[in-house]
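The tour below tells you what to select at each stop.

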Amino acid sequence: MALSNYEVSDKAQAINCGGIGLIHALGQRFGLAKTIDQKLHLLKFHVPYHESDHVLTLAYNPLCGGTCLQDLELLRNDETFLNALDARRIPDPTTAGDFCRRFLASDVEALIDAINEVRRRVWAEQPESFFDCATIDLDGTLVGTTGPCKEGMDIAYDGTWGYHPLVVSLAETGEVLSIVNRPGNRPSHEGAAREVNRSLVLCLEAGFRTVLLRGDTDFSQTQYLDGWNAIHKTRFLFGYDAVPTLVRKAEELPDHAWRRLTRPARYHVNTQPRRTPENVKARIVTEREYETLRLDSEDIAEFEYRPTACRQKYRMVVIRKNITKAKGEAALFDDVRYFFYITNEREWSADAIVFSANDRCHQENLHAQLKSGVRALRAPVDTLESNWAYMVMTALGWNVKAWWALSLPEPPGRWRDKYRQEKRWVLGLEFRSFVHAFVGLPCQVLRTGRKLVYRLLSWNPHLRVFFRLVETLNC
């Protein structure tokens, strides 16, 4: 087969990330750049850049296909990209790194407050049902690095050198409410109470009718439970360590206090169920007589419990997992394990408490997106605070994706349900899929009649949703 012929065309003003213009217009609508410049003060002279220029450059970099600081060099040398943003220049990688090093902890918190102020403006345009409940998830995640000279790094429990940031997110939209960078050897719950209080103020002032705090066993900080319980419309649901006192209480419960826990099906089959393929993994484990744990059943119960650091009693839901330890096809012995959840929610059934606690595991998917999609949970700079600032600024790209989806209109009428489903679909997209569908659009950039025109050069099935948002911003 002969090699295809390649030729250089006449000069044309075109880029492969035409959707960035709509994202930039969305930021202008909600005053993103203006708010950042008002809250964040790091530069003595704004020649040639303002603080918002640096922040938005790092936020837009992953949206335009960038994976690291060095990819900014490609964007800043693309004249058409600059024209698409109506910018004369953007920071180069070295300048962006120097900007990150200017941050102190107070400066990062000022940036988080600026982003949250814009977030409230986005939320204010949502329908009334949006404010039924805000579910705040908390978890820590390890950010490894091979750099030996990064200030603030430490060795984690599993031998990973790097940092251990705390991520606070809103489960309903997937937005990152806050990131706090910490050395790698710090426990997951360190500093969590302060971020919980910040997020509580944000959500309650925004108008949410109830707020639910969720976390694993590391976040059941009993010294704060009474304070959170005293806040009107605030509920919490945390895992709790299976300490001997609680295990003894569970074992002393009468038989009638326990009932079988039935979990719902993962999905509903609309047609005929497919034939289940052979479980190759299970066959190999049986043939080679490996020791395995098999869950036979789950029972659920509840009782009142007052932690030592609390003055009030709270609802303790316990699951008893009946497990069989087997070797090959032979059962060795039965085992019983207990899992505990503490909550001040009194209206939900015990089953609903457990299922809600399990839903918190979706935050692991968010961490995966922040690591491999947006690449915000990285440590490209040399200090704890500078890497913290980089994480917050780059994670803004993920938040912008959520704001893009939330800005889709839901006008009343026959198509309202369809438009609402489309909004939920865009909210649930992985970052890479969102970029391919709505940002990576090849288009010409023209200036005519004192207007900036983006002329799309290709078509994909999602442009119908794209143009709905275009029409909304142009109104």
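**Stop 1: strand β2**

Buried means under 20% relative accessible area, exposed means over 50%, and partly exposed lies in between (1.4 Å probe, protein chains only). Helices (H or I, at least four residues) and strands (E, at least two) are DSSP runs, numbered from the N terminus. In a regular strand the side chains alternate between the two faces of the sheet. Strand β2 spans residues 134-140, and seven of its seven residues are buried, so β2 is largely enclosed by the rest of the structure.

Before moving on, note what kind of model this is. It is predicted: local features need pLDDT of at least 70, side-chain atom pairs count only at pLDDT 80 or more, and totals for chains, interfaces and linings use all residues. Residues are numbered from 1 along each chain as its sequence is written, and side-chain values use heavy atoms, with hydrogens and water left out.

Two strands pair if DSSP finds at least two bridges between them. With strand β8 (residues 211-215), β2 pairs in the parallel sense over four bridges; Val211 in β8 is the bridge partner of Ala134. With strand β6 (residues 166-170), β2 pairs in the antiparallel sense over five bridges, and Leu170 in β6 stands opposite Ile136.

**Stop 2: an open sheet**

Select β3, β5 and β4. These three strands form an open sheet in the order β3-β5-β4, with antiparallel pairing. The edge strands are β3 (143-144) and β4 (154-155), each pairing on one side only. Between β3 and β5 (residues 161-163) there are two bridges; one to find is Gly144 with its partner Gly162 in β5.

**Stop 3: the nonpolar cores**

Which residues have the most contacts inside the largest nonpolar core? They are Phe81, Trp123, Phe340, Trp403 and Trp404, in a core of 125 residues. A nonpolar core is a set of buried Ala, Val, Leu, Ile, Met, Phe, Trp, Tyr and Cys residues joined through side-chain atoms within 4.5 Å. Helix α14 (residues 384-406) gives the most to this core, with 16 residues. A second, separate core of 12 residues includes Leu261, Ile319, Val354 and Ala357.

Select helix α12 (residues 350-359) next; its buried residues are Ala350, Asp351, Ile353, Val354, Ser356 and Ala357. Among the elements covering them are β8, β9 (234-240) and β10 (259-260).

**Stop 4: Val445**

Val445 is in strand β14 (residues 443-448). Is Val445 buried or exposed? It is buried, with a relative accessible area of 5%. Leaving out residues up to four places away in sequence, Val445 touches Gln13, Ile15, Thr80, Asn83, Ala84, Leu452, Val453 and Tyr454; contact means heavy atoms within 4.5 Å. Draw a distance from Val445 to Arg455: they are 10 residues apart along the chain, and their C-alpha atoms are separated by 6.4 Å.

**Last stop: colour by confidence**

pLDDT is the predictor's confidence in each residue, from 0 to 100. The mean for the protein chain is 93, and 98% of its residues reach 70 or more. Confidence is lowest in β14, at a mean of 87, and highest in α14, at 98.
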